[in-house]
Structures are given as structure tokens and as C-alpha cells.
Amino acid sequence: MELTESLDNLSFLKRMNRCWQDHCRQTIMIRSIFLFLDRTYVLQNSLLPSIWDTGLELFRTHIVSDSAVQKRTVDGILEQIELERNGETVDRSLIRSLLGMLSDLQVYKDSFEERFLIETNRLYAAEGQRLMQERDVPEYLHHVARRLEEENDRIMSYLDQSTQKPLISCVEKQLLGEHMTAMLQKGLSILLDGNRLTELVLLYQLFSKVKGGLPTLLQFWRDYIKSFGGEIVCTPEKDKDMVQDLLDFKDKMDNVAQSCFTRNEGFVNAMKEAFEAFINKRPNKPAELIAKYVDSKLRAGNKEATEEELERILDKIMIIFRFIHGKDVFEAFYKKDLAKRLLVGKSASVDAEKSMLSKLKHECGAAFTSKLEGMFKDMELSKDIMIQFKQYMQNQSEPSNIELTVNILTMGHWPSYIPMEVHLPPEMVKLQEVFKLFYLGKHSGRKLQWQPTLGHAVLKAEFKEGKKEVQVSLFQTLVLLMFNEGEEFSVEEIRTATGIEEGELKRTLQSLACGKARVLNKNPRGKDVEDGDRFNFNNDFKHKLFRIKINQIQMKETVEEQVSTTERVFQDRQYQIDAAVVRIMKMRKTLSHNLLVSELYNQLKFPVKPGDLKKRIESLIDRDYMERDKETPNQYHYVA
């Protein structure tokens with residue numbers, strides 16, 4: 001039954017079209033016959049319609065205005081369009097001709113367009129609801145894009161141009177506008193996690209068509225970055241990969257912003273805000289790990305990068321570094337690592353070191369890098385001093401058979417090292433005294449403090465296999481020199497003779513007797529050094545190289561060392577807060593608590609809690625740098 005009805009509808013449309021075509025042809029014939037009349041008499045009488053217009057009026061009045069005829073025509077056209085939307089092939093020229101008829105008769109809008117838009121709205125509302133449940137987001141996005149393309153094609157083929165705007169906005173509203181939040185909740189993280197750039201481009205293009213689309217997308221994008229980045233930063237188990245993960249994540253998000261979101265300024269800024277928010281969720285740790293990451297890249301032995309790649313890595317690191325609030329924590333750890341690189345000659349390249357310094361200087365100002373630059377100056381000055389010292393030694397009556405190299409470090413520039421007293425051999429002590437005399441003769445009023453923990457030496461050794469040179473730390477030197485005096489020693493005897501602290505000594509013995517290059521034998525054998533162990537010289541030692549470097553067993557950076565570096569930073573912060581308060585009060589003389597605090601926030605370069613500021617203000621009041629107003633306790637006065 002339905003089939004015959006639809007056939008009837010189609011055949012009715014064809015008959016209607018034939019009738020309209022016949023009418024047009026006949027009207028044109030009549031107009032040709034009466035052309036003179038139409039061109040002269042009708043034109044002179046403005047009240048008379050032209051023959052063509054009269055023909056249209058007659059058709060409209062007698063045929064199309066008949067409600068049954070009009071309804072059946074419009075029903076038929078709508079049915080054909082629905083069939084086409086469902087994937088069937090229809091006679092487009094027939095529909096074009098009939099819609100052209102309605103247009104010519106000026107009933108297109110009232111009779112067809114209104115109903116067409118209502119039907120479209122109903123169809124796409126239902127389709128949107130259904131497909132949002134059934135399909136995943138990438139598939140749904142492609143479906144919406146295809147639907148929009150089809151509707152635009154319909155406008156080109158047979159709909160009137162005036163229908164374009166309302167039709168497209170209806171499709172966009174029902175398939176996109178109604179489901180924006182649901183779509184992003186369900187699919188944005190899937191698209192970003194999977195780096196599905198094609199779908200992300202499509203998502204951005206579609207959302208930019210809908211009112212409120214981009215602001216909604218922006219909000220979800222910001223939240224995604226915060227939550228994904230927060231996970232990287234706040235998961236202590238992943239600390240060792242944190243910086244690399246952050247760099248990879250930043251690269252990935254930059255790529256999305258650039259290739260999918262057309263470098264939209266709002267999206268780029270939202271990404272920066274999100275990075276800054278999540279990276280400071282966990283205070284101090286990211287700053288410390290970034291410093292260590294830079295150290296791993298600048299240390300010799302990092303063969304993975306050429307100069308250009310290293311420069312690129314450092315540039316990327318600086319972008320992450322910019323987001324960090326507590327930059328002083330970074331400086332403290334960076335300084336500690338830089339000192340190790342410079343003193344042990346472990347820096348991969350002076351150019352890369354200088355480049356990193358200039359980046360830090362550009363980012364944070366000269367005050368931030370002055371101590372770091374001081375460290376480089378110390379190393380350069382030490383070289384000059386050593387040239388002069390060598391000349392000085394040549395003129396001595398008793399030349400020493402030990403060649404001494406000294407690095408002179410300005411105390412304020414370098415990290416503070418705990419001085420450790422050890423028993424040096426007499427020839428070393430004598431040489432130290434000679435250097436002291438030479439140096440203080442040039443720079444009177446200075447004080448030299450030797451740091452045995454940082455020293456190293458090259459020893460000549462004779463084994464059965466022949467002569468070798470061993471490159472060792474000063475502690476390792478003191479232990480090895482004992483075996484010139486005797487065959488075998490216990491841990492206790494070595495400790496008494498050298499004066500090295502117990503933990504340090506055990507690590508030193510472990511490096512000499514349990515490592516790769518075993519120049520000492522340990523009895524009983526084993527990996528760890530115990531109190532009762534005894535050591536003798538390994539005369540059978542063999543090695544393919546002539547000069548062998550025996551690494552001191554690095555104590556993993558202890559928790560205490562980490563805590564002490566962090567504590568030093570907090571101590572420095574307290575001084576900086578005090579100095580800033582006094583500076584502001586000296587200038588303003590009198591200030592309310594709130595104004596003072598807001599001024600401090602402007603001046604201080606690190607994050608600080610209001611409670612901490614209050615404590616420092618109280619401390620300054622106790623020390624008579626300032627006082628409270630007698631009447632208004634919230635007001636402070638500077639005390640000159």
C-alpha cells in the first residue's frame with residue numbers, strides 16, 4: 001500500500017511538473033503572438049500586468065492555491081528529499097523544476113520552506129540523539145561533516161539560495177550545538193591521547209561554526225592539559241621521567257595548537273596558563289628535576305646530542321622553566337651540579353654551558369646568574385694563577401716531584417662544602433704551604449680553606465704486568481699511598497692513618513677493591529666493606545689501558561643533601577622577604593598591612609604564603625625595623 005502511495009506521489013509530482021511546463025510553454029507562445037501588445041500597450045498602462053505575469057497569476061489562483069494540490073505537491077517534494085537523505089537516489093531535476101515553480105509563483109517560503117525546516121529540525125534532532133549514543137566521537141564528527149556537505153550540495157542542486165542560512169544553522173544546532181559538552185566529555189581526551197590530528201582539525205572547524213563552540217572547546221582543552229600534566233608532576237614514582245614527559249607533552253600540545261587549532265591565540269594562552277597551573281601544583285620538585293635534567297644533558301658522556309640538538313633541548317627546557325614559580329630552587333640545584341661539572345672537568349662543552357647561562361640571564365636577569373658566572377670566572381682565574389705558580393716553582397731551590405694544580409673558589413659563588421680534616425702525607429702538606437705562601441704573597445688579607453673532598457690525583461703504580469697510572473680522588477690517593485709502607489691493613493688502621501670519615505672511607509675502599517678496577521684485594525671477598533675486613537695490594541692487577549680512572553663510588557644524592565639544598569633556598573627566601581619589607585617601608589614610611597603585602601607580591605620572584613609574610617613582618621617588628629601604629633594595629637611605621 002505504502003509503495004503504491006509513494007508511486008502515486010511521485011507520479012503526481014511528474015504530472016504536476018508536466019502541467020507547469022505545458023503552462024509555461026503556452027504562455028510564452030501567447031506572449032510571442034501578442035508581443036507588440038505586450039511591449040507597447042501594456043507598458044504604457046502601468047496598472048496592467050504583463051502577459052507572463054498574468055499567466056503566472058492564473059496558474060497560482062486556479063491550480064497552486066488549491067489547498068489539496070498545494071499540500072500534495074509539497075508533501076511529495078518533502079518525501080523525495082527525505083528519501084534522498086536516507087541514501088536513496090531521486091530525480092533531482094524534477095524537484096528543482098517544482099521548487100522553481102513555487103519560487104516563480106512566490107509561494108516558496110510560505111508553502112514549502114517553513115515545513116521543510118520543521119521536518120529537517122525533527123529529523124536531525126532525532127539523528128543527533130541516536131548517533132551520540134551509538135557512535136564514538138571520531139566517527140560522529142565525520143558523520144556531521146558529511147551531513148553538512150550533503151545539505152550544501154542540496155542547496156546548490158535544487159533548493160533556493162535563501163534557504164541556505166536557516167538550513168545549515170539548523171543542522172549545526174541539532175547535530176553539534178545540542179551535544180557540544182557531551183561530545184567533548186566523551187571524546188576530547190581520546191582524540192588528544194591518541195594524537196588524532198585529522199579528527200581534531202575537524203572538531204575545531206565544526207565547533208567554530210556553532211555559537212559558543214570555541215569557548216566550550218577552549219575550556220575542555222585547558223582542563224585536559226591541567227589533568228594530564230598534573231598526573232605527570234604529582235606522581236612521585238614517575239619522577240625520573242618527569243622532565244622528559246613534560247617536554248614530550250609540551251611538544252604534542254604545541255603541535256595540536258599549531259596544526260589543528262590554527263595557532264588560535266586563545267588556545268595558545270590557555271595552554272600556557274594550564275602548564276603554569278599544574279607545574280606549580282607540586283612546589284620545588286619540578287624545579288629541582290629540571291636542574292638535574294639540564295645537568296644530565298650538559299655533562300660529558302652525553303653522546304646522544306650534537307651541538308645543535310643540545311641547543312634545541314636547552315631552548316625547550318627554558319620554555320618549561322618559564323612556568324615555574326620557585327626559580328630559586330632551580331638555581332640552588334643547578335649551581336650544585338654546575339660545580340661538580342666544572343671541578344671534575346666533566347662539562348660536555350663550554351659553549352653549551354655559556355649558552356645555558358645566557359638563556360637564564362635573559363629569562364631571570366643578571367642577579368640570578370651572577371654567582372653562576374662567578375664560578376666560571378673562578379675557573380679561568382685559577383688557570384692564570386697556576387701558570388704563575390708553575391713559574392714560581394721553577395725558581396724554588398727545592399723543586400717538588402709532585403705537580404700541584406689548585407682551583408681557587410670564591411666562597412659566595414660556590415655551593416657550601418662541609419670541611420673535612422684528613423691526614424695528608426708530609427710532601428703534600430709542604431706543597432700546600434708553598435702554594436699558600438705564594439698566593440697570600442700576591443693577595444694579602446685572603447683566607448684559604450682547603451677542600452679535600454673535591455681533590456683528585458694521578459698516581460704512578462707498578463704491577464707485575466708493568467707500570468700504570470691511576471687517576472683517583474684525594475681520598476683514594478691517601479688509602480693507596482699507605483701500601484707503600486706496608487703489605488696489609490685493616491679498615492680501622494686505614495681510618496686512623498688517613499683520618500677519613502667512616503662512611504666516606506668505606507665507599508672509598510669499595511671503589512678500590514670491589515669495583516671494575518680492583519687495585520686492592522679485600523679479605524674476605526664480598527661486595528660491601530665491613531669493619532673487620534683487611535686489604536692488601538693486588539700485584540696481579542691487569543688492565544688494557546695505561547692510565548686507568550677509578551671512579552669514586554658516588555653516594556646517591558642523599559635525602560639529607562637534597563633537604564639541605566632545599567632548606568638553604570628557604571633560608572635565602574627569608575632574607576629576601578626581610579630585605580624587601582625593609583626596602584618598601586623605608587620608601588613609604590607608613591603603610592597598611594594589605595598594601596604592604598600586595599607590594600611584596602609584586603617584588604618577590606618566588607611563591608609565598610600570606611602566613612609566611614606575616615611571620616617575617618612580626619620578626620622585623622621584634623627586631624625594631626618597624627612598628628605597629630598605636631591606634632590602628634593594621635598600619636605599620638618604618639623605624640629609622
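Which residues are linked with Glu 84 in a network of salt bridges? In this predicted model, the network joins Glu 84 to Arg 85, Arg 92, Glu 151, Asp 153 and Arg 154. A search of the whole structure finds 46 salt bridges. The chain itself is divided into domain 1 (9-176), domain 2 (195-366), domain 3 (378-452), domain 4 (455-557) and domain 5 (560-638).

**Salt bridge within the network**

- Side chains of opposite charge can pair when their charged atoms come close.
- Arg 92 and Glu 84 form a salt bridge in which the closest N and O atoms are 2.7 Å apart.
- Glu 84 counts as buried because its relative accessibility is 13%, under the 20% limit.
- Arg 92 is partly exposed, with a relative accessible area of 22%.

**Gln 80 in helix 5**

- Gln 80 lies in helix 5 (residues 67-85) and is buried, its relative accessible area being 7%.
- Leaving aside neighbours within four places in sequence, Gln 80 is in contact with Leu 10, Leu 13, Val 90 and Ile 95.

**Interface of domain 2 and domain 3**

- The C-alpha centres of domain 2 and domain 3 lie 42 Å apart, and 6 residues of domain 2 are in contact with 9 residues of domain 3.
- About 550 Å² is buried between domain 2 and domain 3, and carbon and sulfur atoms give 71% of this area.
- On the side of domain 2, Lys 335, Leu 342 and Leu 343 lose the most area to domain 3, together 71% of what that side buries.
- Between domain 2 and domain 3 the count is 1 salt bridge, whereas 0 residue pairs in polar contact are found across the interface with both residues at pLDDT 80 or more.
- Helix 17 (residues 327-343) supplies the largest share of the side of domain 2 that touches domain 3, namely 5 residues.
- By class, that side of domain 2 has 3 nonpolar, no polar and 3 charged residues.

- Glu 311 and Lys 359 meet through their side chains in a salt bridge of 2.6 Å, N to O.
- This pair links helix 16 (residues 307-322), which holds Glu 311, to helix 18 (residues 350-364), which holds Lys 359, across 48 residues.
- Glu 311 is partly exposed at 29% relative accessibility, whereas Lys 359 is buried at 14%.
- A salt bridge of 3.0 Å, N to O, joins the side chains of Arg 547 and Glu 469.
- Arg 547 belongs to strand 6 (residues 547-549) and Glu 469 to strand 2 (residues 466-473), the two being 78 residues apart.
- Arg 547 is partly exposed at 43% relative accessibility, while Glu 469 is buried at 14%.

Notes
Residues are numbered from 1 along each chain as its sequence is written. This is a predicted model: local features need pLDDT of at least 70, side-chain atom pairs count only at pLDDT 80 or more; totals for chains, interfaces and linings use all residues. Side-chain values use heavy atoms; hydrogens and water are left out. Domain bounds come from an automatic or database domain assignment. Contact means heavy atoms within 4.5 Å. Buried area is the accessible area (1.4 Å probe) that two parts lose on being put together, summed over both. A salt bridge is a side-chain nitrogen of Lys or Arg within 4 Å of a carboxyl oxygen of Asp or Glu. A polar contact is a pair of N or O atoms within 3.5 Å; within protein, one must be able to donate a hydrogen and the other to accept it, and residues adjacent in sequence count only if both atoms are side-chain atoms. Helices (H or I, at least four residues) and strands (E, at least two) are DSSP runs, numbered from the N terminus. Ala, Val, Leu, Ile, Met, Phe, Trp, Tyr, Cys and Pro count as nonpolar, Asp, Glu, Lys and Arg as charged, and the others, Gly among them, as polar. Buried means under 20% relative accessible area, exposed over 50%, partly exposed in between (1.4 Å probe, protein chains only).
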